[in-house]
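Take a walk through this model, one region after another. Keep the sequence and the 3D view side by side.

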Number of protein chains: 2
Amino acid sequence: MASLLCPALVLFAARLSGFAVGLLVLFWVLTFKSTFLPSSLSQQDFIYAVLHPLLMVIGFILLSGEAILVHRWLPGSMGLKKSVHLGLQGVALASGIFGIWTKFQGKDGIVANFYSLHSWMGLICISLFGIQWLLGFLNFWHRREAKIARIKILPWHVFLGLYTYALAVATAETGLLEKLAFIQSKRNNVSKHSTESLLVNSLGLFLAMLSGFVILAAVSPKYGYHTLQSRQH
Amino acid sequence: MASLLCPALVLFAARLSGFAVGLLVLFWVLTFKSTFLPSSLSQQDFIYAVLHPLLMVIGFILLSGEAILVHRWLPGSMGLKKSVHLGLQGVALASGIFGIWTKFQGKDGIVANFYSLHSWMGLICISLFGIQWLLGFLNFWHRREAKIARIKILPWHVFLGLYTYALAVATAETGLLEKLAFIQSKRNNVSKHSTESLLVNSLGLFLAMLSGFVILAAVSPKYGYHTLQSRQH
């Protein structure tokens, strides 16, 4: 893939989609306040409602995408790359946990949040992410030991990490759709053709693009190796 | 990854999730008829409403998953594998197009279907799939020519194919959530704790599992090679 691909271009495309995603989600929560502020809710509930998409999209998805990309551009030793990767993923994990926690503050209680497909996917996602991070953390402190065992485990870490990342994006898509279905059907009676619908749909598309470029950057060979599949021919 | 992984086990897990997905979607559309038959609609509309999830989940997603797996288990020549892969993907593409077409038969007209995130993702997905299939088809008829060029293009075909497959699953998740939000909010007033909600959520989870196992099978080295990432250490 390397010969057809300029790694810098893929990184640029990933950052450009990421920038669009960040901008759109910020613009959404700050401009369309009525979506996040049902009349019955207090200022505090509004803050929690706004924090959820911000923490999940910017803190969790964008940051963990950057953590994945670290191995593709950061110069220096492998130890440095691993430290930055682990650190960024740690902040992403904390954002994710905090983002889910904001949903526990509603008047319906914690359990009320565990019935939708969005919440099921989100819980599986954050659990996988947490396990991955913990294993990565433990691995980091035992880096001189059992190097061969670590090399064998690494492809699993990469696969499960990218799977979790894709699952996070898919979960976000369901979250966007859930929110849109809610505001289109009930109190706000927002039209399907409204600016807000268009904005949220665009956010969903940029998220899908972002995940594609991040995963492409992660799986592209860095030093001009053929990819796995090409050996079949 | 090969040394830690039994390829037959991954194939079995993929088939088991696929079987659960097929069973759940069939059980859903055949048992919960009220979901697919608003009182105002005719028998014909009911058939179209039922056909959409069946064609997209069984015809499009399950079949294209099988087409991906062909390269992992079918014995015989590479030509045979490619023919079966191309044929199965062709049927999957036809199912996908037919599945989208069923949504054009509603009284709201064709354009009414193009406002939701689900439809945007679905259209991008079927377009990518169509382009991939067409290129694969053309490639198939020129297999003696420019072998080196084909080997260079193959990793792109694999990456874009798996990306499209994952996007199809993410699109299905948004579709499930859209349908659930609709039946929970309006006429049917189905509870979030109902058997139907549980069934559709489980369908969503098995779809996510299925995609993980299919992609794992596709990217795992077949002959014991190290994966790309392991060379970094």
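This is a predicted model: local features need pLDDT of at least 70, side-chain atom pairs count only at pLDDT 80 or more; totals for chains, interfaces and linings use all residues.

H3 of chain A covers residues 43-73, 31 residues in total. From its first C-alpha to its last it reaches 42 Å. At 1.5 Å a residue, 45 Å would be expected, and the span is close to that. Now look at its surroundings. Buried means under 20% relative accessible area. Of the 31 residues of H3(A), 22 are buried, so the helix is largely enclosed by the rest of the structure.

A:Glu66 pairs with A:Arg15, and their closest N and O atoms are 2.8 Å apart. The pair links distant parts of the chain: A:Glu66 sits in helix H3, A:Arg15 in helix H1 (residues 7-31), 51 residues apart.

Turn to chain B. B:Arg15 forms a salt bridge with B:Glu66, with 2.8 Å between the closest N and O atoms. B:Arg15 belongs to helix H1 (residues 7-31) and B:Glu66 to helix H3 (residues 43-73), so the bridge ties together parts 51 residues apart in sequence. B:Arg15 is partly exposed at 31%, and B:Glu66 is partly exposed at 25%. Over all chains, the count is 2 salt bridges.

Next, go to helix H7 of chain A, residues 195-219, where A:Ser202 lies. Which residues does A:Ser202 touch, leaving aside its neighbours within four places in sequence? They are A:Leu24 and B:Trp120. A:Ser202 is also 9.2 Å from A:Ala20, C-alpha to C-alpha, although 182 residues separate the two in sequence.

Back in chain B, find the loop between helix H4 (78-102) and helix H5 (117-141). B:Asn113 lies there. Its relative accessible area is 22%, which means partly exposed. Beyond its neighbours within four places in sequence, B:Asn113 contacts B:Lys103, B:Phe104 and B:Ser119. B:Lys103 is 10 residues away in sequence and 7.1 Å away in space, C-alpha to C-alpha.

Finish on the surface of chain A. A nonpolar patch of about 620 Å² is made by A:Ile131, A:Leu134, A:Leu135, A:Phe137, A:Leu138 and A:Trp141. A:Trp141 lies in helix H5, residues 117-141. Its relative accessibility is 57%, so A:Trp141 counts as exposed. In general, an α-helix has 3.6 residues a turn, so residues three or four places apart point the same way.

Methods:
Residues are numbered from 1 along each chain as its sequence is written. Chains are lettered from A and ligands numbered from 1 in the order in which they are written. Side-chain values use heavy atoms; hydrogens and water are left out. Patches are made of residues with over 30% relative accessible area and no salt bridge: like charges are joined within 9 Å, nonpolar side chains (Val, Leu, Ile, Met, Phe, Trp, Tyr) within 5 Å. Accessible areas come from the Shrake-Rupley method with a 1.4 Å probe; for residues, only the protein chains shown count as cover. A salt bridge is a side-chain nitrogen of Lys or Arg within 4 Å of a carboxyl oxygen of Asp or Glu. Helices (H or I, at least four residues) and strands (E, at least two) are DSSP runs, numbered from the N terminus. Buried means under 20% relative accessible area, exposed over 50%, partly exposed in between (1.4 Å probe, protein chains only). The expected span of a helix is 1.5 Å times one less than its number of residues. Contact means heavy atoms within 4.5 Å.
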